[in-house]
Amino acid sequence: MDSLGGTAAAIVLLVLVIFVIIVLVRSIRIIPQARAGVVERLGKYQRTLNPGLTILIPFVDRLLPLLDLREQVVSFPPQPVITEDNLVVSIDTVVYFQVTDPRAATYEIANYIQAVEQLTTTTLRNVVGGLNLEEALTSRDQINGQLRGVLDEATGRWGIRVSRVELKAIDPPHSIQDSMEKQMRAERDRRAAILTAEGTKQSAILTAEGQRQAAILAAEGDAKAAILRADGEAQAIQKVFDAIHKGNPDQKLLAYQYLQTLPKIAEGSSNKLWIIPSEVGEALKGIGGALGGANGGSGVADLFSDSGKPSAEVPAPAGTPTVSPGHAQPTSAAQEPSP
């Protein structure tokens, strides 16, 4: 009997120890940082546990699963959305949210992550449904802002704050992608052609401007050169004129120079007809008088008399035009013999 009583006492003691351990385990809870726990007492909300050590009443208080108070990032699968121009595009969204009220997140919504996903999908369809494809592709910031505003307003009563909503990808149909690529390629080709034409135009303008400047400079150079040449010729003529006047030439010298100039008129193989001025007779008279005074009245002066008639015929050299001295007409001409 004693042995049976000792065994029963040991069993009772063991049961009591196990019970105490269970009570301690259920009574003492440690809440990690950035976590929150909701305590129910007899099935009714009692309080929210903050990070740290806390004591519960066993079998009376019940701690619900801990909630993460950190900002969470949830990526939702692609959602088909119809745009205003009746095109179906697939849009991936990423939502950044944070639990701010553990009690509301526990009792106001059954599954807040699923609720955020469904609300994001419906709001996205409403926003993108009023935009065409091009606007949907180029208005991501506008779509993000509208989504965030609607989600933040709707999830506020759930104890959730939506901080950001991002469109991760917008995938139009493959046929539309091909058309967009062709359009972009054509646009790039057009811009390249415009840039090439602008470059050609600018090059032509610069070339024409350079040619104009070169022509202006060349004309200015020619004008200055002509002026300088004219000034030089004027100075040369002035010097010759001054030298002639300083030398004080007489009529005899002038008549001799006049006759020396005549053969130059007939120079050149293309000259078939040359003009003899009527003053040749006067010049010959002057030379004849000068030579006659020096040689006793004989020589060239005997060819002409005072009346202008020839006193003797002198044969002219071959190829020399025949001259009738003393002719009173303005000019006289002699035709060269044909070859």
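These legends walk through several close-up views of one predicted model.

The model is predicted, so local features need pLDDT of at least 70 and side-chain atom pairs count only at pLDDT 80 or more, while totals for chains, interfaces and linings use all residues. Residues are numbered from 1 along each chain as its sequence is written, and side-chain values use heavy atoms, with hydrogens and water left out.

**View 1. The chain as a whole.** Here are eight helices and 11 strands; helices (H or I, at least four residues) and strands (E, at least two) are DSSP runs, numbered from the N terminus. The chain has 339 residues, and 24% of them count as buried. Buried stands for under 20% relative accessible area, exposed for over 50%, and partly exposed for what lies in between, with a 1.4 Å probe and protein chains only. Contact is used for heavy atoms within 4.5 Å. Take the contacts between residues at least 6 apart in sequence: 60% of these join residues at least 24 apart.

**View 2. Helix 3 and what covers it.** Helix 3 runs over residues 112-128, 17 residues in total, and its first and last C-alpha atoms are 24 Å apart, close to the 24 Å expected at 1.5 Å a residue. The expected span is 1.5 Å times one less than the number of residues in the helix. Asn-111 caps the N-terminal end, with a side-chain oxygen 3.3 Å from the backbone nitrogen of Ile-113. Buried residues of helix 3 include Tyr-112, Val-116, Leu-119, Leu-124 and Val-128. Their cover includes strand 7 (72-82), strand 8 (88-99), helix 2 (102-107), helix 4, helix 5 (140-155) and strand 9 (160-171).

**View 3. Asn-144 in helix 5.** Asn-144 is found in helix 5, and its relative accessible area of 10% is why it counts as buried. Its side chain makes a polar contact of 3.3 Å with the side chain of Glu-166. A polar contact is a pair of N or O atoms within 3.5 Å; within protein, one must be able to donate a hydrogen and the other to accept it, and residues adjacent in sequence count only if both atoms are side-chain atoms. Setting aside neighbours within four places in sequence, Asn-144 touches Val-165, Glu-166 and Leu-167.

View 4. Look for Val-162 in strand 9; at 0% relative accessibility it counts as buried. Its C-alpha atom is 6.5 Å from that of Leu-151, which is 11 residues away along the chain. Beyond neighbours within four places in sequence, the contacts of Val-162 include Val-95, Phe-97, Arg-148 and Leu-151. Leu-167 also lies in strand 9, and is buried at 6% relative accessibility. Leu-167 and Ile-143 are 24 residues apart in sequence, with their C-alpha atoms 8.2 Å apart. With neighbours within four places again left out, Leu-167 is in contact with residues including Ile-91, Leu-124, Ile-143 and Asn-144.

**View 5. The second largest pocket.** About 290 Å³ of space lies in this pocket. On a 1 Å grid over the protein atoms alone, a pocket is an open set of points where a 1.4 Å probe fits, with protein on both sides within 12 Å along at least five of seven lines; lining residues have an atom within 4 Å of a point. Grid points are joined across faces, edges and corners, and the volume is the space filled by probe spheres set on the points. Helix 4 (133-138) and helix 6 (174-247) each supply at least two lining residues, with the largest share, five residues, coming from helix 6. The lining divides into six nonpolar, two polar and three charged residues. Ala, Val, Leu, Ile, Met, Phe, Trp, Tyr, Cys and Pro count as nonpolar, Asp, Glu, Lys and Arg as charged, and the others, Gly among them, as polar. Among the lining residues are Asp-85, Leu-133, Met-180 and Glu-187.

**View 6. Helix 6 and its end.** The 74 residues of helix 6 should span 110 Å at 1.5 Å a residue, and the 108 Å between its end C-alpha atoms agrees. Just after helix 6, Asn-248 takes a positive phi of about 50°.

**View 7. Positive phi in two loops.** Phe-59 sits in the loop between strand 4 (52-55) and strand 5 (61-63). Its phi is near 60°, a positive value in a residue other than glycine, and its relative accessible area of 55% makes it exposed. Asn-86 is in the loop between strand 7 and strand 8. Phi of Asn-86 is near 60°, and at 65% relative accessibility Asn-86 counts as exposed.
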